[in-house]
Amino acid sequence: DIAFEASKLPLDVAIFNSTRAAGGHDKIRKYLQGVLVIGGTALVPGMSHALESRYVDLVPSAYMRDER
């Protein structure tokens, strides 16, 4: 079952895969800089910090730097 298998992805990987589907580097950077975690997961102490630190390891630096 594909839906069941997809639900096993870590949150940071799922978010990154979703943003990659958006297209070019500018869109990916924009989406990753605007992630908002809501609901019960947002109440986990340290969740924001953990998610951001995982992006550093997961996301190529070209997506995160602002080239303007």
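Author: Of all the elements, helix 4 contributes most to the lining of the largest pocket, with five residues. Helices here are DSSP runs (H or I, at least four residues), numbered from the N terminus. This is a predicted model, in which local features need pLDDT of at least 70 and side-chain atom pairs pLDDT 80 or more, while totals for chains, interfaces and linings use all residues. Residues are numbered from 1 along each chain as its sequence is written, and side-chain values use heavy atoms, without hydrogens or water.

Reader: Which residues lie nearest the centre of the largest pocket?

Author: A pocket is an open set of points on a 1 Å grid over the protein atoms alone, where a 1.4 Å probe fits, with protein on both sides within 12 Å along at least five of seven lines; lining residues have an atom within 4 Å of a point. Here 10 residues line the largest pocket, and Leu32, Val35, Ser48, Glu52 and Tyr55 lie nearest its centre. Helix 3 (25-33) and helix 4 (47-58) each give two or more residues to this lining.

Reader: How many salt bridges are there?

Author: Side chains of opposite charge can pair when their charged atoms come close. Counting a Lys or Arg side-chain nitrogen within 4 Å of an Asp or Glu carboxyl oxygen, there are two salt bridges. In one, arginine 54 pairs with aspartate 12, with the closest N and O atoms 3.6 Å apart. Arginine 54 is in helix 4 and aspartate 12 in helix 2 (residues 11-20), so the pair ties together parts 42 residues apart in sequence. In the other, arginine 29 meets aspartate 26 at 2.6 Å, N to O; both lie in helix 3, three residues apart.

Reader: Is arginine 29 buried or exposed?

Author: Buried means under 20% relative accessible area, exposed over 50%, and partly exposed in between (1.4 Å probe, protein chains only). Arginine 29 is buried at 8%, whereas aspartate 26 is exposed at 55%.
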